[in-house]
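Hi,

Here is the structure I said I would pass on.

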Amino acid sequence: MNKNLPDLPTVRGTLTAHRALADLTWMRVGGPAEVLFQPADLDDLAAFLAALDPAVPVFPMGVGSNLIVRDGGIPGVVIRLGRGFNAISVEEGSTVAGAAALDAHVARKAADAGFDLTFLRTIPGTVGGAVCMNAGCYGTYVADVLQSVTVVLRDGTVAELERDSLNLAYRSSQLPDGAVIVAARFVAPKADPEALKARMEDQLCKRDETQPTKDRTAGSTFRNPAGFSSTGRADDVHDLKAWKVIDNTGMRGATKGGAVMNTKHSNFLTNAGGATAADLEDLGEEVRKKVYDSQGIELQWEIMRVGVRKDEDTAK
Ligand SMILES: Cc1cc2nc3c(=O)[nH]c(=O)nc-3n(C[C@H](O)[C@H](O)[C@H](O)COP(=O)(O)OP(=O)(O)OC[C@H]3O[C@@H](n4cnc5c(N)ncnc54)[C@H](O)[C@@H]3O)c2cc1C
């Protein structure tokens with residue numbers, strides 16, 4: 001990573017050089033941001049991006065619940081939204097949430113007003129991350145309830161984007177390059193608040209029973225692979241479970257350094273203590289190889305790996 005920082009515009013928020021990112025992620029691993037920017041508010045963010053050299057890469061992050069930040073860190077500017085971006089309001093049937101609002105808070109506030117965004121209750125990220133990843137569970141995805149997002153584009157322009165322009169698909173979206181989501185508007189079905197609260201309690205219990213919710217993970221490591229049944233017919237496609245193919249390869253509980261394929265749920269790559277990002281990524285790659293070699297199935301990462309590996313960080 002470059003020791004000479006890029007020329008940076010003056011801001012009202014906070015700019016921190018070489019800010020460690022590990023403590024800002026669920027996995028607790030990884031190197032620093034070359035620069036971390038925490039804007040004070042929308043105007044601060046827009047003015048910063050308008051004045052920033054277009055050659056400097058920007059990476060918006062939420063609370064890092066779907067990320068492995070590599071050990072060499074993230075070059076350029078990492079943008080993390082905070083208090084100026086976490087308001088939640090429910091008005092005329094729409095729930096409008098700032099991108100830094102936690103999904104769980106949005107679900108609870110919507111439920112209080114009688115709107116069903118319960119699927120967000122057990123997803124441990126922010127609204128920005130949820131839209132970017134088209135997060136979902138229990139049969140509902142962001143795409144089902146999102147109406148529009150407000151973004152700041154890389155050149156500092158503030159724009160309103162309708163859901164359909166984001167091409168939301170399984171755990172993915174197509175945001176304009178360098179765009180930062182600052183708010184999202186959801187339209188959710190009406191329901192009885194008490195029933196919604198009971199459902200959320202139920203979902204939390206289910207999660208704790210089946211997933212390592214207290215461990216350092218980033219959720220499901222690999223997508224569930226689509227496959228063909230033994231007939232091999234094109235119309236005879238079924239879904240396989242990633243945890244099952246990992247188990248079939250005997251990789252439940254496999255370790256590398258401080259990384260482990262969780263014994264409670266084998267599709268949860270876990271920092272069991274002292275893992276590096278390389279331990280985690282390399283263990284994931286070993287699982288992918290063994291699954292492919294033994295079952296011919298190509299697992300695809302669901303966790304995003306971002307930044308540079310330590311051995312690639314040659315400019316230090
Ligand atoms: C225990 C556990 C359980 C999980 N269960 C689920 C689940 O059931 N369903 C599910 O879908 N996911 C699940 N996840 C994964 C994760 O919580 C989601 O993907 C979540 O939406 C990520 O949000 P985040 O704010 O942490 O984003 P981050 O992990 O910080 O970032 C993820 C992506 O979003 C982008 N991003 C974040 N904020 C912005 C922004 N403001 N503007 C533009 N881009 C942005 C980042 O650039 C990155 O590409 C789970 C994770 C854990 C740890």
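The largest nonpolar core has 84 residues, and Leu117 and Ala184 have the most contacts inside it. By nonpolar core I mean a set of buried Ala, Val, Leu, Ile, Met, Phe, Trp, Tyr and Cys residues joined through C-beta atoms within 7 Å. A residue is buried with 20 or more other C-beta atoms within 10 Å of its own, exposed with 12 or fewer, and partly exposed in between, the C-beta atoms being placed from the backbone. Leaving out residues up to four places away in sequence, Leu117 touches Thr95, Val106, Ala107, Ala110, Val145, Phe186 and Ala188; contact here is C-beta atoms, placed from the backbone, within 7 Å.

Before going on, keep in mind that this is a predicted model: local features need pLDDT of at least 70, side-chain atom pairs count only at pLDDT 80 or more, and totals for chains, interfaces and linings use all residues. Numbering runs from 1 along each chain as its sequence is written.

Now the ligand. Its shell holds 32 residues, with Gly62, Gly125, Gly128, Gly129 and Gly219 the closest (a residue is near if its C-beta atom, placed from the backbone, lies within 6 Å). At least two shell residues come from each of β3 (58-61), α3 (127-133), β8 (136-137) and β12 (180-187), and α3 gives the most, with five. Helices (H or I, at least four residues) and strands (E, at least two) are DSSP runs, numbered from the N terminus. The shell divides into 20 nonpolar, 12 polar and no charged residues.

Tyr138 sits in the loop between β8 and β9 (140-141) and counts as exposed because it has 12 C-beta neighbours inside 10 Å. Arg171 is in the loop between β11 (158-162) and β12, and it counts as buried because it has 20 such neighbours inside 10 Å.

Last, Arg223, from the loop between α5 (193-210) and β13 (226-228). Arg223 has 15 other C-beta atoms within 10 Å, so it is partly exposed. Beyond its neighbours within four places in sequence, Arg223 contacts Ala242, Gln300 and Glu302.

Cheers

Terms used
Two residues are in contact if their C-beta atoms, placed from the backbone, lie within 7 Å. Ala, Val, Leu, Ile, Met, Phe, Trp, Tyr, Cys and Pro count as nonpolar, Asp, Glu, Lys and Arg as charged, and the others, Gly among them, as polar.
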